[in-house]
Amino acid sequence: MPSTSLFSTDSSSTASPDIHDCIKSKDFLGLKEIGINDGFADNNTTRLRCYSILLGCGGLDVYDENEEGCNKKFKQIDENEYTHIIGRDILRNGYSRWDKTANYSDYQKSYDLQQIEKLLNVVFTEYPEFNYIQSFDSVFALFYLIANGNLFIAKKLIVSYLHIFKSDLAMKQDNFGHLNAIWSYLKKYDAAYYKWLMHIVGDCQDVSFALEWYIAWFSHCSISDFSTILRIYDFMISTQNQSIGLYMVLAVLLLNKKQIMQNVENLSDFIVFTKSGLSFDKDSVSQLITKCHQIMQSEMKEEQRRNSWKQNKMEAIKAW
């Protein structure tokens, strides 16, 4: 079945841009379109080059050992305030749950987890403004694998990623970031469902059910199929929208409304069901991406209308 185009600058055009041409010319909009509509397939070398452009890291190449890809540039760092927490978290990292790593040898798994732990400690030491939160370790593990184990390249991607998409979490001592806003969004999109869910949850400050979705973009424990996780990251990074994590959580709640209302009677039910009762397979994730994109477009159009209204008001005041 052909994929439905979500992103297009020309409604009459049906041909997708060529990914290799986009990488060669560093065509930012072309890569956005590919990432949103189809993702970057199974080739992590290609994905790495796409991510490096979309995250503003230039043309990083994992095989270019003479320049930016040189692991010798990666410095060993001593302990930081999060070292002991990271050491515990790494033992229950998403890496250990993914199908991609399931058949790795014990030696390879041990080596990779040591390298991911080193990567975490270096970033949170070199960037003391960053705040570590549980599940970030799985995000780091994902970028480590995309970078083919190159710590220097993985660090550059991660630092940029945290600044663009996780500033509300990484730059503040707040484990919830902007996630509390999910309730106002749900009220806006489905007031009756919001009212029912508030009766279940009891407190609009309670967002614990969605933390892993929001912090790790489903990579920590919700999904084990690595290609499905990558599809989510391809889409969300390609949107370049800082609120995309919120929109995805909202999409999960809206698309699973019927299931949630049929299976949940109290807060405990809700937490258990959102943790283990929802399915995130390829088909459901495809539906989530479509719904999330619709929400994002709606919010962007509303913001454009607000900005236009403010601009017109300012011009009217000046003319008066």
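**View A. Asn93 lies in the loop between helix 4 (83-89) and helix 5 (106-126).** Helices are DSSP runs of H or I with at least four residues, strands are DSSP runs of E with at least two, and both are numbered from the N terminus. The model is predicted: local features need pLDDT of at least 70 and side-chain atom pairs count only at pLDDT 80 or more, whereas totals for chains, interfaces and linings use all residues. Residues are numbered from 1 along each chain as its sequence is written, and side-chain values use heavy atoms, with hydrogens and water left out. Asn93 counts as buried because its relative accessibility is 0%; buried means under 20% relative accessible area, exposed means over 50%, and partly exposed lies in between (1.4 Å probe, protein chains only). Apart from neighbours within four places in sequence, Asn93 is in contact with Leu113, Asp137, Ser138, Ala141 and His220, where contact means heavy atoms within 4.5 Å.

**View B. The whole protein is shown as the setting for the other views.** Of the 320 residues, 49% count as buried. Among contacts between residues at least 6 apart in sequence, 73% join residues at least 24 apart. The structure holds 0 disulfides, a disulfide being a pair of cysteine sulfur atoms within 2.5 Å. In general, a disulfide is a covalent bond between the sulfur atoms of two cysteines. Cys57 has a relative accessible area of 13% and is therefore buried, whereas Cys221, at 32%, is partly exposed.

View C. When neighbours within four places in sequence are set aside, the contacts of Trp183 are Tyr194, Leu197, Met198, Val201, Asp203, Cys204, Asp206, Val207 and Phe209.

**View D. Val252 is a residue of helix 13.** With a relative accessibility of 0%, Val252 counts as buried. Residues up to four places away in sequence being left out, Val252 touches Trp213, Phe218, Leu278, Phe280 and Leu288. Val252 and Thr274 are 22 residues apart along the chain, and their C-alpha atoms are separated by 9.5 Å.

**View E. The second largest pocket has a volume of about 290 Å³.** Of its 17 lining residues, Ser208, Phe209, Glu212, Cys221 and Lys275 are the closest to the centre. Helix 11 (211-216) and helix 15 (267-276) are the elements that give two or more residues to the lining, and helix 11 contributes the largest share, 4 residues. Pockets and cavities are found on a 1 Å grid over the protein atoms alone: a cavity is a set of points where a 1.4 Å probe fits but cannot get out, a pocket is an open set with protein on both sides within 12 Å along at least five of seven lines, and lining residues have an atom within 4 Å of a point. Grid points are joined across faces, edges and corners, and a volume is the space filled by probe spheres set on the points. By class, the lining of this pocket has 7 nonpolar, 6 polar and 4 charged residues. Here Ala, Val, Leu, Ile, Met, Phe, Trp, Tyr, Cys and Pro count as nonpolar, Asp, Glu, Lys and Arg as charged, and the others, Gly among them, as polar.

**View F. The largest cavity has a volume of about 40 Å³.** A search of the whole structure finds 1 cavity of 30 Å³ or more. The cavity is lined by Phe165, Lys166, Asp168, Tyr214, Trp217, Gln242, Ile244 and Gly245, and by class this lining has 4 nonpolar, 2 polar and 2 charged residues. Asp168 belongs to helix 8 (residues 167-170) and is buried, with a relative accessible area of 5%. From Asp168 to Leu179 the C-alpha distance is 9.1 Å, and the two are 11 residues apart in sequence.

View G. Trp217 is not a glycine, yet has a positive phi of about 50°. Trp217 lies in the loop between helix 11 and helix 12 (226-239) and is buried, with a relative accessible area of 0%. Gln240, also not a glycine, has a positive phi of about 60°. Gln240 is placed in the loop between helix 12 and helix 13 and is partly exposed, with a relative accessible area of 25%.
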